[in-house]
Amino acid sequence: MTARARSDRANPGAASPALSMRNLSVRFRMRDGGHVAAVADTTFDLAAGECLALVGESGCGKSVLASALLGLLPANADVEGAALLDDGTDLLTADERSLARAIRGRRIGLVPQSPAAHLTPVRTVHSQLAETVRELAAVPRKGLRLATRAAAERAAFPADHLDRYPHELSGGLAQRAATALALVGDAPLLLADEPTTGLDRALVERTADELRRTVDEGRALLMITHDLAAAARIADRVAVMYAGRIVEIADATRFFGEPGPRHPYARGLLDALPERSFRPIPGMPPELGKLPAGCAFAPRCERADALCGTRPRFDGRTACHHAPAEDPSRA
Amino acid sequence: MLELSNITAGYERGRPVVQDVSLAVARGEAVGLLGPSGCGKSTLARVAALLHRPDAGTVVLDGTTVHDYRHRAPRALRTTVGVVFQSPRLSADPRLRLRDLIAEPLKATGRRIEIRERVDELAHAVGLGGDLLTRGAHEVSDGQLQRACLARALVLRPRLLICDEMTAMLDASTTAALVAAVEAYRRETKASLLAVGHDQVLLDRWCDRTVSWAAPSAA
């Protein structure tokens, strides 16, 4: 295990980060003997009370990273590196028993991608929430109903909808039900995998604000999303992933405002927004099983030259041979 | 091109999702239909695409009043409209390769002879290159599959294209690429567009005008 500390990324305020990701790599062994590198050499820290948004196109490895943190990768995955919680627990080496009994729900709460599929369809929200409360919080039998209501309230789930089944909920309410489940165990680290997909703008903003509130209460939130507007609303920092690698980590205000992203891919992604130039990045992301030898973005990049034939090193901020030089106002 | 007059539609008797709604899309016009989830905009889009029979009201498509819906709709009328839905996974037969997925409407209407030329042309238009056309739906990403679904919607050269939350699950770059492909098709064919969505910034940028729907009054 190589736990190289990156001094320029460490948060000097916090004793130890809520999540410390060190050189995470996930490779899938394929039946034909080949390998697919879904996540490569990913390093970042996430502090309590901080939200890091992990953004990128579909298929860039974001969700594999989430599955790795929860120990939910399929059997053909090879994992390297470390993902340390603040007490030193390494999520990547923890066995299923401790993951199930001590970590999932208690140390990490998951806000899932499609809540309608995450909830059990044949049971009411109340029944599922009560079960989770009973499992995760030491509540006496008599107090269960009250505690369940309180749990629903924390995610702004209306009490008069508790007796409904998942299919009777709108997308937004299903999202809140799933968020309520994630918050029950009072986990210090929340993992939100595309929490706003399929929601309308007003609901995206409300969901983002609700997640932000849980961050402001002191939780750490890793939000995986392709929704840049939601990321801009909620994140303290942004990590951009391309073809399984983080290509840029930046302060959210500087990323979405001035001076903007440093990596050409990140710039292209922002420029594609309808409120900006609405111009797509030419081409499509490469296959993770057939990555080019050098910079994976080079075939789509207007700035690519001979230098890009070798893979750029991630320097703690950007992985690009052509990123703008250091600016004096660096945070 | 499309005239929806006083449409009332729903899935259960006595509980209409859409009530007394009128909407018109002129020839060559792009109209955005904006509203929160659950407001009935997708139901209206399904009525416009002849996929759902309204309880009341009239649909006039390209000058013809519609009497029959779904499989009963006359082929000439049905093929006037192309539809792209929100979730490509749910609207693509998982057993088909992308090439066959795109060609399916040509096969269904007895126009196999056009397949080779038309599929290659559309694959290029939506940006599907390389060996992607020979892959199955499970071997491509959501964005790639949605590109194929757009190509499928365009393969019969519809005069009206209905995009129901076409880009809601996609990242910014793929969204921009798909919208650009739709607009290139419309420039070439003068086709009309009804784009249903909840992203005002996107619809304002994409469409000639945007119609806003409030949340349903009934709880």
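**Terms and what they rest on**

User: In which sense, left-handed or right-handed, do α4(A) and α6(A) cross?

Analyst: The crossing of α4(A) and α6(A) is right-handed, a word used when the near helix is turned clockwise from the far one by less than a right angle, left-handed being the anticlockwise case. Please keep in mind that this is a predicted model, in which local features need pLDDT of at least 70 and side-chain atom pairs count only at pLDDT 80 or more, while totals for chains, interfaces and linings use all residues. Residues are numbered from 1 along each chain as its sequence is written, and chains are lettered from A and ligands numbered from 1 in the order in which they are written.

User: How is the relative direction of α4(A) and α6(A) decided?

Analyst: The two helices pack at an angle of about 15°, with their axes 9 Å apart. That makes α4(A) roughly parallel to α6(A), because angles under 35 degrees count as roughly parallel, over 145 as roughly antiparallel, 65 to 115 as roughly perpendicular and the rest as oblique. The contact is made by V125(A), Q128(A), L129(A) and T132(A) of α4(A), together with A177(A), A180(A) and L181(A) of α6(A); residues are in contact if their C-beta atoms, placed from the backbone, lie within 7 Å. By class, this contact has five nonpolar, two polar and no charged residues, where Ala, Val, Leu, Ile, Met, Phe, Trp, Tyr, Cys and Pro count as nonpolar, Asp, Glu, Lys and Arg as charged, and the others, Gly among them, as polar.

User: What about α6(A) and α7(A), and which residues make their contact?

Analyst: The axes of α6(A) and α7(A) come within 11 Å and cross at roughly 10°, which makes these helices roughly parallel as well. Their contact is made by G171(A), G172(A), Q175(A), T179(A) and L183(A) of α6(A) and by L203(A), T207(A), E210(A) and T214(A) of α7(A). By class, the contact of α6(A) with α7(A) has two nonpolar, six polar and one charged residues.

User: How do you know whether the length of α4(A) agrees with that of a helix?

Analyst: The expected span of a helix is 1.5 Å times one less than its number of residues. For the 12 residues of α4(A), 125-136, this should be 16 Å, and the end C-alpha atoms are 16 Å apart, so the two values agree. In chain B, α5(B), residues 142-154, has 13 residues and reaches 18 Å from its first C-alpha to its last, close to the 18 Å expected.

User: What makes α10(A) count as largely enclosed?

Analyst: Six of its eight residues are buried, and therefore α10(A) is largely enclosed by the rest of the structure. The buried residues are P264(A), Y265(A), A266(A), G268(A), L269(A) and L270(A). What covers them includes α8, β8 and β9 of chain A together with α6 of chain B.

User: How many residues of the two chains are in contact, and which elements of chain A take part?

Analyst: 26 residues of chain A are in contact with 24 residues of chain B. On the side of chain A that touches chain B, α6, α7 and α10 of chain A each supply at least two residues, and α7(A) gives the most, with three. The residues of that side divide into 12 nonpolar, nine polar and five charged.

How values were computed:
Helix = DSSP H or I, 4+ residues; strand = E, 2+ residues; numbered from the N terminus. Axes fitted to C-alpha atoms, helices over the stretch in contact; angles between N-to-C directions. Buried ≥ 20, exposed ≤ 12 C-beta atoms within 10 Å, placed from the backbone.
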